[in-house]
Amino acid sequence: MATFLIRRTIGAILVMLAVTFIVFLIFIIVPGGGKLGTAQRIAGKNATPQNVLNIEHAWGFDKPFYVQYGLMIKRMFTNNLVSYTSQQPVLSQIKQGIPATFSLTIGAALIWVFFGVLVGVISAVTAGRLSDRLITILALVGISMPVFWLGLVTRYLLAEKNSFFPDGEYYPLTANPLQWAYHLILPWLVLAVLFIGFYGRVLRGNILDTINEDYVRTAKAKGLASRRVLVKHVLRNSLIPIVTLFGLDFAGVLGGGAILTETVFDLHGVGQYAAQSINNFDLPPIMGVTMYGAFFIVLFSVLVDIFYAYLDPRIRPT
Amino acid sequence: MAERLLDVKDLQVHFNTEDGIVHAVDGVSFDLERGKVLGIVGESGSGKSVTAMTLLGLTRDVNTRFQGEVLYKGRDLLKLPETAMQDFRGNEMGMIFQDPMTSLNPVYRIGNQIVEAIRTHEDIDKGRAKRRAVDLLRQVGIPRPDVRVDDYPHQFSGGMRQRAMIAMALSCNPDVLIADEPTTALDVTIQAQIIELIDRLKDDFNSAVILITHDLGVVADVADEIIVMYAGRVVERGAKRQVFYDPQMPYTWGLLGSIPRLDRPKPKRLASITGSPPSLINLPRGCKFRPRCPHAFDKCIEEPDLVNRVEEPGHLDRCWLSVQEKRAVRDRTIRGEEEAA
């Protein structure tokens, strides 16, 4: 197990290195435009010619590409990545967004996992009957509804037209947990709807596959009660593929992937920070958020691998 | 006379499907006494597995229809509610399946799966259940059972997994052990060991065995009585000696002919039964084996009953040919000479 962990960690670090290189390629090399053009892009829309010259020098755009890469890495890891448009260091901006993003992700994930599993189990157990058909339709509706549309409509109907819920913005957990949850209910539900439908469909399929496995027949032949067969033998095995799905989705939202939800509800999370930066053609924050998001994806794929080994002894390293 | 454990009377199992009604089992009767081994032989789709699963109530479904009786110690299992059936499964009747590679849950330890079976039916603590699991594994011939009890199924070989399945099926000391093609997925060298093991444990556990197979060779050693099934029906039934040495049904001849023999001159090619089993939705009229039977004649358009036609009682068959005719043509059919001629 220890060697597995070490190997997997080294692998993750290498992937992160590759990500930095790809970020470098995408943001600095590929767009081209010569050293001044590159500096201009980094500097943002309203930079003075002197600013652009300074940036060209500071980022080393007049030097060979490996020097530029080295300088970019150094800048990222020494907390010197700065948005020239807003004059704010990127890292502190991301840090400011983390409470909102984490709150949104964790709450929504709890909701979508709980209801996704519930929906999947109910529709698999009643497969082919009316409840299954209804759930299937609802799930497809949930999957098909664009988050920005659903978010805007619910916000308009429930927060603006009628004041059932607060109208957007994040409320710090430490200040008042009740207000925190109250502010987040709508974003949680809106973000979860898509995942509930999707997880429900995937789980339904997995359960229907697993239910025909020979070991499920063995479990029945042992005389287990049907509920125990369903939970211990069918569900336990059907959930294994869901873990991968969940790890990556969770990491994606944690890494600022819920750009639309955060923006629609004005949560000031990392995703919204990314959206604003894209709007302003502000490259350094986008680079920073890309790295931040990639970090969570890589981290959670390692965690998923470890958890997978726990769930399925066949792939457990010996 | 030994205690009669099972008495199946005119069992019918029909599945309603979108394509029509599948007559999976159509009028099967047999009985089983303690200490005996009943062999059920037939091709795929002959209804032997459905019969076995029905004994345990595993074919119950909204689209399944049952008729007849399955009397276990006098109680009709077909009429038991599902919850009562759960107490019964594994406890009074244990079952082992064809493919040991897929019949154990890959994510639980072997020992835990046996413990689960024990604790479903008996109120004992985990430690005692586990010690019993170790004992069971020892009885089925798993080396170092105290260590291997904590292995996962993928750490066992196919033969060991089937032994573990047998240990699990016997864990609550059932009176009837149903083995559904227990050796089909195993190496030939392991097959005989598993059959011997089942036969020995039957005596140790003082139970009866239903051994289902498509291979007459498998039941040749251990079965006391054999029923041959075709298209959901019993087509021949008798003591092992009668079925092997005086087979009355051309279908049985075909099965006997398909066993490769080393003690006879090598045939040009291994005999086989031509054609394939009939669809269980649209069964042929009359004798169900008629379309594939080399000896079919006019009378076969009517279905023969399963009755005693030979001198010895207890040996039943469904064939219109006279006993003399059968004995005259039988050996050539078994050797596959009709085709060559």
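This dialogue walks through a few features of a predicted model.

User: What scores does the model carry?

Analyst: This is a predicted model. Its ipTM is 0.87 and its pTM is 0.85. For chain B, the mean pLDDT is 88. In that chain, 97% of residues reach 70 or more.

User: How do I read the sheet in chain B, and what is its strand order?

Analyst: Start with the general idea. Strands of a sheet pair through backbone hydrogen bonds, either parallel or antiparallel. Here, chain B has an open sheet of eight strands. The order is 6-7-8-3-9-10-12-11, and the pairing is mixed.

User: Which strands are the edge strands?

Analyst: Strand 6 (93–96) and strand 11 (307–308) of chain B. Each pairs on one side only.

User: In which sense do strand 11 and strand 12 of chain B pair, parallel or antiparallel?

Analyst: Antiparallel, over two bridges. Strand 12 of chain B covers residues 316–317. Look at B:Asn308: its bridge partner in strand 12 of chain B is B:Leu316.

User: Which strands does helix 11 of chain B touch?

Analyst: Helix 11 of chain B packs on the sheet. It touches strand 3 (37–41), strand 9 (225–230) and strand 10 (233–239) of chain B. The helix direction makes about 105° with that of strand 9 of chain B.

User: How do I read the packing of helix 11 and helix 12 of chain B, and at what angle do they pack?

Analyst: Two packed helices are described by the angle between their axes and the distance between the axes. In this case, helix 11 (residues 250–257) and helix 12 (residues 323–334) of chain B pack at about 35°. Their axes are 8 Å apart. The crossing is right-handed.

User: Which residues meet there?

Analyst: Helix 11 of chain B brings B:Pro250, B:Trp253, B:Leu256 and B:Gly257. Helix 12 of chain B brings B:Arg330, B:Thr333 and B:Ile334. By class, the contact has four nonpolar, two polar and one charged residues.

User: Now chain A. Where do its domains lie?

Analyst: The domain assignment gives domain 1 (2–77) and domain 2 (92–283) of chain A. Their centres, taken over C-alpha atoms, are separated by 35 Å. The contact between them takes five residues from domain 1 and four residues from domain 2.

User: How many residues does each chain give to the contact of chain A with chain B?

Analyst: Chain A gives 18 residues, and chain B gives 24 residues. On the side of chain A, helix 9 (214–221) and helix 10 (226–257) each give two or more. Helix 9 of chain A has the largest share, six residues. By class, this side of chain A has six nonpolar, four polar and eight charged residues.

Notes: Residues numbered from 1 in each chain as written. Chains lettered and ligands numbered in written order. Predicted model: local features only at pLDDT ≥ 70, side-chain atom pairs only at ≥ 80, totals over all residues. Contact = placed C-beta atoms within 7 Å. Helix = DSSP H or I, 4+ residues; strand = E, 2+ residues; numbered from the N terminus. Nonpolar A, V, L, I, M, F, W, Y, C, P; charged D, E, K, R; others polar. Axes fitted to C-alpha atoms, helices over the stretch in contact; angles between N-to-C directions. Left-handed = near helix turned anticlockwise from the far one by under 90°. Domains from an automatic or database assignment. pLDDT = per-residue confidence, 0-100. Pairing = 2+ DSSP bridges.
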